[in-house]
Amino acid sequence: METMPHVLVVDDDREIRELLARFLERNRFRVTSARDAREARRNWPNGHYQLVVLDLMLPGEGGLDLARWLRTQSDVPIVMLTAMGEETDRIIGLELGADDYLPKPFNPRELLARIRAVLRRSSERAERRVEPAPRGLRFGGWLLEPARRRLLNPDGVEVVLTGGEYDLLVAMLDRANRVLTRDMLLDLLRGRQAGPFDRAIDVAISRLRRKLEDDGRHAQLIKTVRGGGYVLACDVERA
Amino acid sequence: MSNVPEGLTAATLPRRRRWSVRCWSAPRWPGSLASRTLITLLFGLALVQGLGLTIHAYDSIGLQHFSEARDIGVRISTIFRSVISVPPEQRPRVLQELDLPSGWNAAVGPAPTAQLTGLPPQWLEDVVRVSIHSLRMLPGQHPRMIVVRCDRRSHKLEVAVHLPDESWLNVRLRLRPVLFWNSPTFLAAFVLMTIAAALLSVWAVRRLTGPVATLAAAAERLGRDVNAPPLPEAGPIEVRTAAVAFNTMAARIRRFVQDRTFLIAAIGHDLRTPITRMKLRAEFIEEDELRGKFLADLDELEAMVAATLAFGRDASRAEPAVALDLPALLRTVVDEATDAAQAGEQLRYHGPEHMVVQARPMALKRAMANLVGNAVKYAGGAQVVLHRGGPGIITVFVDDDGPGIPPDELERVFDPFYRVEASRNRETGGTGLGLSIARNILRAHGGDVALGNRGGKGTRATITLPA
């Protein structure tokens with residue numbers, strides 16, 4: 001294992017800060033915590049943070065403002081903690097460039113999984129030098145809007161996806177025209193959703209194909225590769 | 001929440017049908033205020049016009065009678081004067097030379113012909129008599145006697161005047177037919193006037209009862225969406241007052257709903273922090289089994305808070321309606337329920353591959369997930385069937401083959417926190433809000449949901465949505 005990633009936790013509840021720090025430290029992270037936006041700004045230059053866990057409901061200067069400020073400083077990945085059902089905050093946050101979100105009260109293991117997934121994605125991003133989360137991804141006439149977590153068909157009609165289908169589609173869009181084995185897909189999706197994946201990958205692919213109106217036998221978008229894998233055979237345009 | 005109108009049309013559809021049914025069962029007196037007012041007005045109009053026409057006709061008949069009697073009297077006087085002004089032997093010639101109207105016949109004889117036996121109406125005889133007697137004559141030339149006879153059936157009249165020289169002047173004539181109105185233009189004008197008055201009544205009634213319909217539509221809209229636009233406060237004073245009162249009421253309801261939403265949101269918000277702490281603390285419990293149970297309890301608690309929040313929020317949610325593929329949404333709900341319950345064999349979707357509806361995706365998905373989740377919880381599976389239920393209506397059935405629900409509880413299960421007695425045990429758990437939330441959401445879409453038993457084979461939830 002490489003060096004322990006340094007995480008900045010911003011939350012106004014002292015106990016949550018402490019518990020979260022303990023929990024993350026136990027899972028091999030280095031944690032610095034901040035009570036509010038001011039403390040976070042003060043701590044920012046001191047540590048070389050790989051990730052920020054940010055509660056959007058902060059006293060004084062709000063979490064969204066802090067996120068905006070952080071974006072001016074660096075590309076550090078941000079995982080937002082939002083109030084249940086507060087759609088607008090979540091959408092604004094994701095459009096500002098936050099990488100993921102969890103509604104409070106969250107499941108600590110879920111948070112851990114999201115943090116790991118975001119770190120993995122950001123390191124890939126660093127390698128490939130790809131700009132951060134786009135507003136929309138266009139492929140074969142379809143449009144995926146990550147901030148709203150929604151998929152629109154070529155007629156602009158929303159097609160609702162399950163969490164698993166959505167994550168699978170995002171993983172494949174990030175790696176368009178590259179063959180992905182079941183193991184790679186499993187690895188990319190592990191932890192994001194509960195539920196045992198294995199044959200589950202095949203099930204998820206067939207469900208996704210049906211939603212994308214992609215006939216399994218003559219699939220145009222998601223093609224099956226002989227020898228165990230799938231490829232999204234389509235150019236992806238970032239908007 | 002402002003784009004509900006599409007929902008309106010479809011939602012009013014079954015209501016309209018009900019209205020016509022009520023109309024059929026009581027055909028004598030229509031239900032609507034407009035029809036009732038209109039019928040009363042038109043009946044009154046017909047009555048007034050009928051009476052007016054009758055009075056006018058009587059008047060006109062009297063006038064015609066009088067003038068005809070006058071005419072007869074004057075003519076007979078003229079004949080009389082011509083006859084007595086010449087010697088008896090010249091009289092037939094004079095009579096022949098007279099220009100008599102058609103149907104008239106005059107002759108001089110030794111006696112009254114008196115073929116007719118009936119007596120004329122008193123006024124006719126009087127007018128004829130007076131006309132003849134009022135002639136200015138030389139002395140000794142006055143008629144000695146006048147006999148008037150008539151046959152009312154054939155409209156024939158006989159007047160015999162006894163001349164001073166013992167002979168009789170016999171005049172026979174046919175009475176003119178009586179007209180109820182003097183001219184055909186009068187009738188045309190009368191009919192035109194009546195039609196105009198009737199049309200005016202229709203227009204006025206429509207105009208007067210229009211605001212009532214507007215008010216009813218506004219109340220209907222408010223019931224579905226507290227943020228519906230206010231009524232225009234214009235028109236006559238009464239209508240304006242009603243609109244102002246209605247808008248004030250709507251504002252109070254809105255305020256009440258907002259307060260309730262804020263309250264529930266505040267409670268939910270305050271609960272989030274302790275639940276988050278507990279979840280974090282639970283991670284430090286070393287014993288796996290205990291930690292698992294702890295986390296399961298917390299998940300349940302969280303679900304309850306989430307449901308309560310959803311119930312408080314859904315009424316005034318600001319999620320916009322978009323075009324979405326309903327089969328995709330139903331498949332998503334079925335697939336997610338399958339993944340969660342691992343009940344793949346019992347969960348199925350049947351229906352078309354694509355059908356576009358206007359809906360709020362998150363809300364509609366939650367409603368469907370609640371209904372499917374219920375079926376899975378109580379029956380271990382569900383069949384979701386989608387089809388077009390008729391023009392403008394989409395129907396979704398969520399069928400299960402569970403124990404069913406007692407008939408008298410089918411409606412009460414939609415009450416918040418109400419639960420069927422048999423389900424009040426730990427295993428099935430839940431908040432008792434799922435169905436209330438589902439119904440709230442569907443009604444806000446202009447649809448509805450109802451439960452029914454499938455004849456001992458389980459329960460069927462029937463969801464309707466406007467197409």
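Predicted model: local features only at pLDDT ≥ 70, side-chain atom pairs only at ≥ 80, totals over all residues.
Colleague: What share of the 239 residues in chain A is buried, and what makes a residue buried?
Modeller: Buried residues make up 36% of those 239. Residues are numbered from 1 along each chain as its sequence is written, while chains are lettered from A and ligands numbered from 1 in the order in which they are written.

Colleague: How many helices and strands does chain A have, and how do you know what counts as one?
Modeller: Chain A has eight helices and twelve strands.

Colleague: What makes a pair of strands in the chain A sheet, and what is the strand order?
Modeller: Strands pair if DSSP finds at least two bridges between them. Strand 4 (residues 78–82) and strand 5 of chain A have four bridges and run parallel, so they pass that test. One of the bridges links A:Val79 to A:Asp100 in strand 5. The open sheet has five strands with parallel pairing, in the order 2-1-3-4-5. Strand 2 (30–34) and strand 5 (100–103) of chain A are the edges, each pairing on one side only. From one strand to the next, the twist averages 20°.

Colleague: Which helices of chain A lie on those strands?
Modeller: Helix 1 of chain A lies across strand 1 (6–10) and strand 2, running at about 170° to strand 2. Helix 3 (residues 63–73) of chain A touches strand 1, strand 3 (51–55) and strand 4, and makes about 160° with strand 3.

Colleague: How many residues of chain A are in contact with chain B, and what makes a contact?
Modeller: Two residues are in contact if their C-beta atoms lie within 7 Å. By that rule, 26 residues of chain A are in contact with 29 residues of chain B. Helix 1 of chain A gives the most to the chain A side, with five residues. That side has 13 nonpolar, six polar and seven charged residues.

Colleague: Why is helix 8 of chain B called oblique to helix 9 of chain B?
Modeller: The axes of helix 8 (residues 326–341) and helix 9 (residues 361–379) of chain B cross at roughly 45° and come within 9 Å. That angle makes helix 8 of chain B oblique to helix 9 of chain B, because under 35 degrees is roughly parallel, over 145 roughly antiparallel, 65 to 115 roughly perpendicular, and the rest oblique. Helix 8 of chain B passes helix 9 in a right-handed crossing. Among the residues making the contact are B:Leu329 of helix 8 and B:Met368 of helix 9 of chain B.

Colleague: Where do helix 2 and helix 4 of chain B sit relative to each other?
Modeller: Helix 2 (residues 33–84) and helix 4 (residues 122–133) of chain B pack at about 35°, with axes 8 Å apart. Their contact includes B:Phe66 of helix 2 and B:Trp123 of helix 4.

Colleague: Which strands of chain B form a hairpin?
Modeller: Strand 2 and strand 3 of chain B do, with four residues between them, and B:His155 in the turn has a positive phi of about 55°. Strand 2 (residues 145–151) and strand 3 (residues 156–162) of chain B pair in the antiparallel sense over seven bridges. One bridge joins B:Ile146 to B:Val161 in strand 3.

Terms used: Helix = DSSP H or I, 4+ residues; strand = E, 2+ residues; numbered from the N terminus. Nonpolar A, V, L, I, M, F, W, Y, C, P; charged D, E, K, R; others polar. Buried ≥ 20, exposed ≤ 12 C-beta atoms within 10 Å, placed from the backbone. Axes fitted to C-alpha atoms, helices over the stretch in contact; angles between N-to-C directions. Left-handed = near helix turned anticlockwise from the far one by under 90°.
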